[in-house]
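Hi there,

Here is the model I promised to pass on to you.

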Amino acid sequence: MARTVIMDHPLIQHKIGYIRRTDTGTKSFRETISEIATLICYEATRDLQLSDVKIQTPICETTVKELKGKKMAIVPILRAGLGMVDGMLTLIPAAKIGHIGLYRDPKTLKPVEYYCKLPADCAEREVFVVDPMLATGGSSIAAIQMLKERGCKNIRFLCIIAAPEGVKAMQEAHPDVDMYIGSLDEKLNDHGYIVPGLGDAGDRIFGTK
């Protein structure tokens, strides 16, 4: 069974409290989402494999640790996931970026793919799927399934706020995918919004509310 990691870092908790506020404006909201993504990325990369490499310092020759050749890819779920990309690139600037676009069919309520563009070698990369909100889990489950169908095996999912219903659905659909969650909230309401949540992350990131 994969790991589900709920963040307890004081900085993450503080910043999530800030973006929950109704009076946090678009610019501050966008910047703080990016900062939280950096902090969650730090935790999500904690167990990347290292190898020993000999180097020359100004003083002598020595052996240091380097990432063990694992290439990485960041795949935001459009559109809100875009708000997390720059924060993650702060720590893993060489990562390639893919994009997955999904919308919810109003009749079936199932996610429908409208866009998928991934790095050519995505199947060989450590893939970080990012979306600020994990509500019902429908979009995230579908996005990860699309990646698996394209050969991706090493997948991690990062979100800022999750509902217990979404976490359960993800664990059942993809028991091999580690999840890194900034805050586990109380529940979903009748409209499928996370409570207490922060409203629509995409609208607040891009100022379209």
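To start with a question: is G199 buried, partly exposed or exposed? G199 has a relative accessible area of 35%, so it counts as partly exposed (buried is under 20%, exposed is over 50% and partly exposed is in between, using a 1.4 Å probe and protein chains only).

Before the rest, some ground rules. This is a predicted model, in which local features need pLDDT of at least 70 and side-chain atom pairs count only at pLDDT 80 or more, while totals for chains, interfaces and linings use all residues. Residues are numbered from 1 along each chain as its sequence is written, and side-chain values use heavy atoms, with hydrogens and water left out.

Back to G199, which sits in the loop between strand 13 (194–195) and helix 6 (201–206). Helices (H or I, at least four residues) and strands (E, at least two) are DSSP runs, numbered from the N terminus. Not counting residues up to four places away in sequence, G199 touches M133 and Y193, where contact means heavy atoms within 4.5 Å. A201 lies in helix 6 and is buried, with a relative accessible area of 4%. Leaving aside neighbours within four places in sequence, A201 is in contact with F29, A80, P132 and M133.

Both residues carry an annotation. In the unreviewed UniProt entry, "binding site" covers I194, G199, D200 and A201, and the lining of the largest pocket takes in I194, G199, D200 and A201 from this set. UniProt positions are given in the numbering used here, feature names are shortened, and annotations may be inferred rather than shown by experiment. For the pocket, a 1 Å grid is laid over the protein atoms alone; a pocket is an open set of points with protein on both sides within 12 Å along at least five of seven lines, and lining residues have an atom within 4 Å of a point.

The UniProt entry (unreviewed) also has a "binding site" annotation that covers R79, R104, D131, P132, M133, L134, A135, T136, G137, G138, S139 and D200. Of these residues, the lining of the largest pocket includes R79, R104, D131, M133, L134, A135, T136, G137, G138, S139 and D200. G137 is in the loop between strand 9 (133–134) and helix 4 and is buried, at 3% relative accessibility. G138 lies in helix 4.

At residue 149, helix 4 (residues 138–149) has E149, which is exposed, with a relative accessible area of 60%.

Two peptide bonds may interest you. Most peptide bonds are trans. The one from L78 to R79 is cis, with omega near 0°, and R79 is found in the loop between strand 4 (72–78) and helix 3 (82–89). The bond from V195 to P196 is also cis, with omega near 0°, and P196 lies in the loop between strand 13 and helix 6.

Finally, a helix pair. Helix 1 (residues 10–20) and helix 2 (residues 26–44) pack at an angle of about 155°, with their axes 10 Å apart. Axes here are lines fitted to C-alpha atoms over the stretch in contact, and angles run from 0 to 180 degrees between N-to-C directions. The two helices are therefore roughly antiparallel to each other, a term used for angles over 145 degrees. Residues making the contact include L11 and I12 of helix 1 and S28 and F29 of helix 2.

Happy browsing!

Methods:
1 Å grid on protein atoms, 1.4 Å probe; cavity = no way out; pocket = protein on both sides within 12 Å on 5 of 7 lines; lining within 4 Å. Parallel < 35°, antiparallel > 145°, perpendicular 65-115°, else oblique.
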